[in-house]
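The points may be read beside the sequence and the model.

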Amino acid sequence: MRVLVGGGTGFIGTALTQLLNARGHEVTLVSRKPGPGRITWNETFQKEVIGSRLETTQLLAKAITKAPQPPKAWVLVTGVAYYQPSLTAEYDEDSPGGDFDFFSNLVTKWEAAARLPGDSTRQVVVRSGVVLGRGGGAMGHMLLPFRLGLGGPIGSGHQFFPWIHIGDLAGILTHALEANHVHGVLNGVAPSSATNAEFAQTLGAALGRRAFIPLPSAVVQAVFGRQRAIMLLEGQKVIPQRTLATGYQYSFPELGAALKEIVA
């Protein structure tokens with residue numbers, strides 16, 4: 001296939017592009033800077049690049065709608081912030097959400113902006129959890145304090161920590177592009193859930209370090225601000241029910257093995 005990847009030079013986009021190239025697909029990146037295998041926003045839409053996720057998605061959806069030969073598939077990555085944080089609820093792809101705070105409303109608007117009329121293009125939305133991998137993403141901020149033995153749970157540690165290995169997120173996106181039967185919402189999370197405290201303990205074990213120093217909620221709010229702190233202090237137990245039902249096979253279904261691979 002010929003695949004156009006927005007955000008292709010970022011952490012997730014780089015992993016996805018490498019996998020698509022390895023599987024023989026032709027990849028073109030949408031980038032602010034021109035170069036081989038890239039097109040700029042000016043070349044695509046004859047206007048300046050728009051940084052907002054919402055407005056960028058609207059532009060892409062509009063271009064697809066007007067295209068004389070629309071793409072066969074349109075895959076959007078949003079987030080599990082769509083689901084309301086809870087210590088007891090369990091969410092699959094059919095669970096309600098998207099209407100209780102800033103981030104959930106953002107996901108609702110983001111997914112609505114991507115929606116295309118008709119069925120000439122197969123549409124998939126992947127709601128991603130926290131992406132774990134080498135060289136970027138969440139692990140880029142976590143590894144140093146944990147290596148120094150200063151890591152630990154955030155806040156109470158009881159909140160769920162929906163996670164996914166970068167290799168599996170790239171794998172799910174590629175699966176969504178290649179498999180014609182895949183459509184609708186997929187949860188881009190690992191099939192094994194963990195709390196924040198369990199994540200901290202498992203990462204400490206993978207590094208051979210103790211991980212018992214908690215980061216108090218008040219400090220998190222002071223450093224990150226109220227809205228961003230919510231994403232760290234509250235979590236959701238999210239199950240990839242439909243993702244598994246489509247036939248996707250995880251490379252890293254368990255947290256311990258995923259973290260050992262990342263820190264090796």
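Predicted model: local features only at pLDDT ≥ 70, side-chain atom pairs only at ≥ 80, totals over all residues.

1. The side chain of Arg23 forms a salt bridge with that of Glu178, with 2.8 Å from N to O. Arg23 sits in the loop between helix H1 (11–22) and strand E2 (26–31), while Glu178 belongs to helix H6, so the pair ties together parts that are 155 residues apart in sequence. Glu178 is likewise partly exposed, because its relative accessibility is 28%.

2. How many salt bridges does a search of the whole structure find? The search gives 6. Side chains of opposite charge can pair when their charged atoms come close. Two further pairs are described in the next points.

3. Lys237 and Glu90 are joined through their side chains in a salt bridge of 3.4 Å, N to O. Distant parts of the chain are linked by this pair: Lys237 is in strand E10 (residues 237–238) and Glu90 in strand E5 (residues 90–91), 147 residues apart. With a relative accessible area of 22%, Lys237 is partly exposed.

4. A salt bridge also brings together the side chains of Glu261 and Arg134, at 3.6 Å from N to O. Glu261 is part of helix H11 (residues 255–263), and Arg134 is in the loop between E7 and H5, so parts that are 127 residues apart in sequence are tied together. Both partners are partly exposed: Glu261 has a relative accessible area of 29%, and Arg134 has a relative accessibility of 48%.

5. Strand E7 (residues 130–132) holds Leu132. Is Leu132 buried or exposed? Its relative accessibility is 0%, so Leu132 counts as buried. Apart from neighbours within four places in sequence, the residues in contact with Leu132 include Ala138, Met139, Trp163, Ile164, Phe199, Leu255 and Ile262. Between the C-alpha atoms of Leu132 and Ala114, which are 18 residues apart along the chain, the separation is 26 Å.

6. Ser192 is found in the loop between E9 and helix H7 (196–207). Ser192 counts as buried because its relative accessibility is 16%, and the cut-off for buried is under 20%. When neighbours within four places in sequence are left aside, Ser192 is in contact with Trp163, Pro253, Glu254 and Leu255. Trp163 is also among the contacts of Leu132.

7. Turning to the sheets, three strands form an open sheet in the order E4-E6-E9, with parallel pairing. Strand E4 (73–79) and strand E9 (184–188) are its edge strands, each pairing on one side only. On average, neighbouring strands of this sheet are turned by 25° against each other, direction ignored.

8. Within this sheet, E4 and strand E6 (residues 122–128) run parallel and are joined by 7 bridges. Opposite Leu76 stands Val125 in E6, and opposite Thr78 stands Arg127 in E6. Why is E4 described as largely enclosed by the rest of the structure? The reason is that 5 of its 7 residues are buried.

9. Which helices lie on these strands? Helix H4 (residues 102–114) lies across E4 and E6, and its direction is at about 175° to E4. Helix H6 (residues 166–178) packs on the sheet and touches E4, E6 and E9, with its direction making about 170° with that of E6.

10. A further open sheet of 3 strands has the order E1-E2-E3, and its pairing is parallel. Its edge strands, each pairing on one side only, are strand E1 (2–6) and strand E3 (38–40). Here neighbouring strands are turned by 25° against each other on average, direction ignored. E1 and E2 run parallel and are joined by 5 bridges, with Gly6 standing opposite Val30 in E2.

11. Which residues make the nonpolar surface patch of about 510 Å²? The patch is made by Leu144, Leu148, Leu150, Phe212 and Ile213. Of these, Leu150 has its place in the loop between helix H5 (137–147) and strand E8 (163–165).

Conventions: Residues numbered from 1 in each chain as written. Heavy atoms only, no water. Pairing = 2+ DSSP bridges. Helix = DSSP H or I, 4+ residues; strand = E, 2+ residues; numbered from the N terminus. Axes fitted to C-alpha atoms, helices over the stretch in contact; angles between N-to-C directions. Contact = heavy atoms within 4.5 Å. Patch = residues over 30% accessible without salt bridge, like charges linked within 9 Å, V, L, I, M, F, W, Y side chains within 5 Å. Areas by Shrake-Rupley, 256 points an atom, 1.4 Å probe, with all protein chains shown as cover. Salt bridge = Lys/Arg side-chain N within 4 Å of Asp/Glu carboxyl O. Buried < 20%, exposed > 50% of the residue type's maximum accessible area, 1.4 Å probe, protein only.
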